[in-house]
Amino acid sequence: MLIALLAAAPAFAQESPVGTWKTVDDKSGKVRSLVKISEVNGELRGKIEKFFPGPDEKPNAICEKCEGAQKDAPILGFTLIQGFKKGPDGQWQDGEITDPENGKTYRSRLTPIEGGKKLEVRGYIGSPIFGRSQIWVRE
């Protein structure tokens with residue numbers, strides 16, 4: 001029994017969003033960033049570890065349209081996601097995601113899919129049915 005539990009542990013670990021993820025631009029299909037998600041005190045937080053600027057962007061871009069503490073924060077090291085807690089259905093919910101391109105912050109949920117190889121990131125206003133999803137790929 002103990003051997004079966006130990007063998008299953010890596011599979012359960014992969015169901016967590018903790019790790020490094022490639023984000024992909026919806027329009028170009030190109031990798032935009034690497035986001036490292038970590039768990040601190042039962043909550044997930046994610047920062048941009050690597051940024052791949054587009055042709056019209058500066059490598060040292062900042063979040064010009066953000067407000068508050070994130071105003072003019074560098075994209076590299078930018079806190080993109082925060083506050084997620086694991087729900088009973090395996091989704092990580094009650095968190096927020098900030099889009100550094102437009103400076104807006106959205107309610108969000110994270111759902112590991114395909115055995116934890118991919119992460120569905122759903123940002124929304126009000127209800128999850130009024131939003132959009134992106135698929136991030138585990139690095």
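Let me start with what counts as an element: helices of at least four residues and strands of at least two are DSSP runs, numbered from the N terminus. Keep in mind that this is a predicted model.

The elements run α-β-β-β-β-β-β-β-β. That gives one helix and eight strands.

Let's follow strand S1. S1 covers residues 19–24, and S8 covers residues 131–138. Two bridges join this antiparallel pair. Look at Trp21: opposite this residue, in S8, stands Arg138. Next along is Lys22, and opposite Lys22 stands Val137, also of S8.

S1 has another partner, strand S2, residues 31–40. How many bridges join S1 to S2? Six, and the two strands run antiparallel. Val24 has Val31 in S2 as its bridge partner. S1 and S2 make a hairpin with six residues between the strands. In this hairpin, Gly29 takes a positive phi near 80 degrees.

On to the pockets. The largest pocket holds about 990 Å³ of space. Its lining has 36 residues. Which of them lie nearest the centre? Arg32, Asp99, Pro100, Glu101 and Arg132.

S1, S2, S3 (43–51), S5 (92–98), S6 (105–113), S7 (118–124) and S8 each supply at least two residues. Which strand gives the most? S8, with five residues. By class, the lining of the largest pocket has 14 nonpolar, nine polar and 13 charged residues.

The second largest pocket has a volume of about 190 Å³. Among the residues that line this pocket are Asp25, Ser28, Lys30, Val31 and Arg32. Phe52, Pro53, Gly54, Pro55, Asp56 and Glu57 line it too. This lining divides into four nonpolar, two polar and five charged residues.

Is Arg32 buried or exposed? Its relative accessible area is 14%. Buried means under 20%, so Arg32 is buried.

Who surrounds Arg32? Leave aside its neighbours within four places in sequence. Then Arg32 is in contact with Thr23, Val24 and Asp25, among others. Its contacts also include Lys50, Phe51, Phe52, Pro53 and Gly54. Glu57 and Glu101 are in contact with Arg32 as well. Notice Val24 in that list; this is the residue whose bridge partner in S2 is Val31.

Last, the whole chain. There are 139 residues, and buried residues make up 34% of them.

Methods:
Residues are numbered from 1 along each chain as its sequence is written. This is a predicted model: local features need pLDDT of at least 70, side-chain atom pairs count only at pLDDT 80 or more; totals for chains, interfaces and linings use all residues. Side-chain values use heavy atoms; hydrogens and water are left out. Two strands pair if DSSP finds at least two bridges between them. On a 1 Å grid over the protein atoms alone, a cavity is a set of points where a 1.4 Å probe fits but cannot get out, and a pocket is an open set with protein on both sides within 12 Å along at least five of seven lines; lining residues have an atom within 4 Å of a point. Grid points are joined across faces, edges and corners, and a volume is the space filled by probe spheres set on the points. Ala, Val, Leu, Ile, Met, Phe, Trp, Tyr, Cys and Pro count as nonpolar, Asp, Glu, Lys and Arg as charged, and the others, Gly among them, as polar. Buried means under 20% relative accessible area, exposed over 50%, partly exposed in between (1.4 Å probe, protein chains only). Contact means heavy atoms within 4.5 Å.
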